Amino acid sequence: MGLSASTPAVAIQNTNASEHQTASPPSGCPMHEEKTRGCPMSTKPSDATGESKTYSVPAHQERAYEYVECPVTGAVSENREKLDPSNLMPPPNQMPAPDQPFPLSTAREESSIPRADSEKKWVYPSEQMFWNAMLRKGWKWKNEDISQKDMYNIIRIHNQNNEQAWKEILKWEALHTTECPCGPSLIRFGGKAKEYSPRARIRSWMGYELPFDRHDWIINRCGTEVRYVIDYYDGGEVNKDYQFTILDVRPALDSVSAVWDRMKVAWWRWTS
C-alpha cells in the first residue's frame, strides 16, 4: 500500500532479514476457494449525475498477486515473470536499482483491507518496491544507512501500521452497521506528512510533539465516500509485533454525520 519514506528505519533484534514475509493466499490458491463474495447490500458511491463510480487503483496493485506466495502450495502466479510487451521488461518497481548494495525481496503480503469495487484486498509493497520509492523521493543510500535487515523490518513496521489504522477505522464504522452491515472498503489513500491536521497543530501548541506522518484514507461506506485522517506518532521502542506507532484515527469533519460521530465518541470517552 502506502510507500511513505517517513517510516522510521528502526531495527528489530533477532530478525532474519533473509526470511520471507508471511503472505496471505493469492487468488487461485486453494485456501481462497471458499472465499465469500462481495456483500449484495454494498453499493458504489454515485456522482452528482447519479451514476456509479468505478475506481482506479495504483498500477502496482493490478499485478500484486503475482508476487504473493500461496502458503499451501508454495507457488506464485505463473504470470509473475511475464514481461511487458512494450519493453520486454518486468514491472519497473520490482527491478533492483542501479548500484543497489544488496538484493531485496520482491515478495508482497496481502493486507486485511478490502479494495473498493473489487473482491480483492490491498497488497503491501515489497522490500524492492519500498526501496525504489524512497529513491524516487530523493533518498540516496550511504554505507552508514539502512541494511538489508533494516529493509525487512521497515516493511513489517509499515504493514503493521496500516493494519492498525484499518482496525481503528473499523471501530468508527461500527457506528454505522445498520446502514452498512457489510462493512467498509478502501477506495484510495494519500500521504500528507508535512500537511499537519488542525488537531495535530493544536496539540503541538499545547506542548505535544507533531506526528511524523499523516495519511488521509477515503473509504466506501456502502455507497458513501468517507474521509479519515490518520496521524502517526512515535511510540518509542518497537515491540515483537513490529508495533511502535501511536495512531490518532478519526473521520474528517467533512459532513454532519462525521461531526456527530466525533461528538458521540468524545462524550462516551468523557463519561466512561
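The predicted model holds 11 salt bridges. One of them joins glutamate 225 to arginine 188, with the closest N and O atoms 3.6 Å apart. Because glutamate 225 lies in strand S5 and arginine 188 in strand S3, this pair ties together parts that are 37 residues apart in sequence. Neither residue reaches the buried class, for which the relative accessible area must be under 20%: glutamate 225 is partly exposed at 29%, and arginine 188 is partly exposed at 40%.

Other salt bridges involve buried residues. Aspartate 248 pairs with arginine 250, the closest N and O atoms being 3.5 Å apart, and both of these residues are buried. In the pair formed by aspartate 216 and arginine 214, the closest N and O atoms are 3.0 Å apart. Aspartate 216 has a relative accessibility of 5% and therefore counts as buried; arginine 214, with a relative accessible area of 9%, is buried as well. Through salt bridges with shared partners, Arg214 and Asp216 belong to one network with Lys192, Arg227 and Asp254.

The strands were examined next. An open sheet is formed by 4 strands in the order S3-S4-S5-S6, with antiparallel pairing. Strand S3 (185–191) and S6 stand at the edges; each has a single partner strand, so one side of each is left without a neighbour in the sheet. From one strand to the next, the twist averages 25 degrees. Strand S5 (residues 224–234) pairs with S6 over 7 bridges in the antiparallel sense. Within this pairing, tyrosine 228 has proline 251 of S6 as its bridge partner. Helix H3 packs on the sheet, where it touches S3, S4, S5 and S6. The direction of H3 makes about 35 degrees with that of S6.

Helix H3 comprises residues 148–173, 26 residues in total. The distance from its first C-alpha to its last is 38 Å, close to the 38 Å expected at 1.5 Å a residue. H3 is mostly covered, with 19 of its 26 residues buried.

Helix H5 (residues 256–271) was treated in the same way. Its 16 residues should span 22 Å at 1.5 Å a residue, and the end C-alpha atoms are 23 Å apart, which agrees. Ala258, Asp261 and Val265 are the buried residues of H5. Seen down the helix axis, these buried residues fall within an arc of 60 degrees, so they line one face of H5. An α-helix has 3.6 residues a turn, so residues three or four places apart point the same way. On the other side of H5, Val256, Trp267 and Trp270 are exposed. The cover over the buried residues of H5 includes H3, strand S4 (213–221) and strand S6 (245–251).

Conventions: Residues are numbered from 1 along each chain as its sequence is written. This is a predicted model: local features need pLDDT of at least 70, side-chain atom pairs count only at pLDDT 80 or more; totals for chains, interfaces and linings use all residues. Side-chain values use heavy atoms; hydrogens and water are left out. Helices (H or I, at least four residues) and strands (E, at least two) are DSSP runs, numbered from the N terminus. The expected span of a helix is 1.5 Å times one less than its number of residues. Buried means under 20% relative accessible area, exposed over 50%, partly exposed in between (1.4 Å probe, protein chains only). The arc is that of the directions from the helix axis to the C-beta atoms. Contact means heavy atoms within 4.5 Å. Two strands pair if DSSP finds at least two bridges between them. Axes are lines fitted to C-alpha atoms, for helices over the stretch in contact, and angles run from 0 to 180 degrees between N-to-C directions. A salt bridge is a side-chain nitrogen of Lys or Arg within 4 Å of a carboxyl oxygen of Asp or Glu.
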